[in-house]
Amino acid sequence: MGKVAIVTGGAKGIGASISYTLGKRGYSVVIADVDEEAGLYRLEQFHKENIDSLFVRTDVSSETDVKNLMDEVYKRYGRIDVLINNAGIGFSGRSIEEQTLEEWRKIIDTNLTGTWLCSKYVINYMKRNKERGGVIINIASTRALQSEPNTEPYSASKGGIVALTHSLAVSLSKYNIRVIAVSPGWIDTSRWQYPPKESRLTNLDHKQHLTRRVGIPEDISSIVLFLVSDEASWISGVNFVIDGGMTVRMIYLDENVIRDSLSILLDDEELSGLLIKLVEKAKSDKDSVKRLLNSLVRDRGDIY
Ligand SMILES: NC(=O)c1ccc[n+]([C@@H]2O[C@H](COP(=O)([O-])OP(=O)(O)OC[C@H]3O[C@@H](n4cnc5c(N)ncnc54)[C@H](O)[C@@H]3O)[C@@H](O)[C@H]2O)c1
């Protein structure tokens, strides 16, 4: 019997890609997701590709569901080697004055409490074979480390996951269980949605990354595959930021940012150079630049 991996939120997005990658490498994969329709669709896809897989409808924020998940998986396979705590929900982005306690609780319950609950209830099974032990991977986010405005519940849930990761790693080393966080940056999950969607990204989206492209779920699956393997047996308690370099790119708002943004957006050095000259001119003589732009817009009635 090969290794058994549970992937929460494994029906769609990054979780589906992780499930597929592990399944293709011989793991028996358990998709634990609240979305039954998507879960069954994914199961059918996996079975067609001879991936040994099981779907267990699970809401990770429900203690009853999580206990049932672990029991059912153990009953079916007699072992649990890997847990990927991936299930998560985002936040619509309203200001803190408008955020409700209900919204805050839903996000913390799903993202953070769900990770804690699944970890808590998998231990009993992972620790049964001390030599084999186990691996828990917690999918956090670069938003654990940096923020846009109005993201408090999501950022806090992900920051909590990073802290929970090192705390669990220290507590569970006695059972030979490694615990690692992976923090993705911007990942385009369109192809792994249910049903799959077309990507709608722009040049600007891609080129602002040091790697010149937005991430795809496979960028995360490949590091997860490595981290759960024996080759990574010396790694525990840390947080891997996988983000195409976005987090290390320090941005102060200055002319260089404007120049770079225009050049990426327009993909035309001459035009962006001219616009920068216009901005330079506007700094010392706003009125004449306004007159010039107004006359340009007026002459082009189709812009109005
Ligand atoms: N996509 C990104 O850019 C990105 C970036 C950083 C971190 N992440 C994190 O990666 C993880 C996956 O994100 P994604 O973009 O693939 O999202 P997604 O919405 O495409 O997939 C999330 C999956 O989790 C399931 N789910 C939601 N609530 C659940 C619950 N209570 N119980 C069980 N399953 C539940 C959904 O049904 C879905 O299948 C999340 O934790 C997310 O916060 C994503």
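Which residues in helix H7 (residues 217-227) are buried? They are Pro217, Asp219, Ile220, Ser221, Val224 and Leu227. A residue counts as buried if 20 or more other C-beta atoms lie within 10 Å of its own, as exposed if 12 or fewer do, and as partly exposed in between, with C-beta atoms placed from the backbone. Helices (H or I, at least four residues) and strands (E, at least two) are DSSP runs, numbered from the N terminus.

The model is predicted, so local features need pLDDT of at least 70 and side-chain atom pairs count only at pLDDT 80 or more, while totals for chains, interfaces and linings use all residues. Residues are numbered from 1 along each chain as its sequence is written.

**Overall layout**

- The protein contains 10 helices and 7 strands.
- Its C-alpha atoms fill a box of roughly 75 × 40 × 40 Å, taken along the principal axes.
- There are two domains, domain 1 (4-242) and domain 2 (255-303), with bounds that come from an automatic or database domain assignment.
- The centres of domain 1 and domain 2, taken over C-alpha atoms, are 45 Å apart.
- Of the 304 residues in the protein, 37% are buried.
- Among contacts with a separation of 6 or more, 70% involve residues 24 or more positions apart; two residues are in contact if their C-beta atoms, placed from the backbone, lie within 7 Å.

**The sheet**

- Seven strands form an open sheet in the order E3-E2-E1-E4-E5-E6-E7, with parallel pairing; two strands pair if DSSP finds at least two bridges between them.
- Strand E3 (53-57) and strand E7 are the edge strands, and each pairs on one side only.
- On average, neighbouring strands of this sheet are turned by 20 degrees against each other, direction ignored; axes are lines fitted to C-alpha atoms, for helices over the stretch in contact, and angles run from 0 to 180 degrees between N-to-C directions.
- E4 and E5 run parallel and are joined by 4 bridges.
- Leu83 has Ile136, in E5, as its bridge partner.

**Helices on the sheet**

- Helix H1 packs on the sheet, where it touches strand E1 (4-8), strand E2 (28-33), E3, E4, E5 and E6.
- The direction of H1 makes about 170 degrees with that of E1.
- Helix H5 (residues 152-172) lies across E5, E6 and E7 and runs at about 165 degrees to E6.
- The buried residues of H7 pack against helix H1 (13-24) and against strands E4 (82-85), E5 (134-139), E6 (177-184) and E7 (239-242).

**The shell around the ligand**

- The ligand is surrounded by 27 residues, of which the closest are Gly9, Lys12, Gly13, Ala87 and Gly88; a residue is near a molecule if its C-beta atom, placed from the backbone, lies within 6 Å of it.
- H1 and helix H4 (101-126) are the elements that give two or more residues to this shell.
- The largest share, 3 residues, comes from H1.
- By class, the shell has 11 nonpolar, 12 polar and 4 charged residues; Ala, Val, Leu, Ile, Met, Phe, Trp, Tyr, Cys and Pro count as nonpolar, Asp, Glu, Lys and Arg as charged, and the others, Gly among them, as polar.

**A residue in an edge strand**

- Leu54 lies in strand E3.
- Leu54 is partly exposed because 18 other C-beta atoms lie within 10 Å.
- Leu54 touches Val30 and Arg76, not counting residues up to four places away in sequence.
- Leu54 and Leu43 are 11 residues apart in sequence and 6.8 Å apart in space, C-alpha to C-alpha.

**Backbone features in loops**

- Most residues other than glycine have a negative phi, and most peptide bonds are trans.
- The peptide bond from Tyr194 to Pro195 is cis, with omega near -10 degrees.
- Pro195 is found in the loop between E6 and helix H6 (203-207).
- Asn150 is not a glycine, yet has a positive phi of about 65 degrees.
- Asn150 lies in the loop between E5 and H5.
- Asp267 also has a positive phi, near 55 degrees, and its place is in the loop between helix H8 (255-266) and helix H9 (269-284).
- Asp267 counts as exposed because it has 12 C-beta neighbours inside 10 Å.
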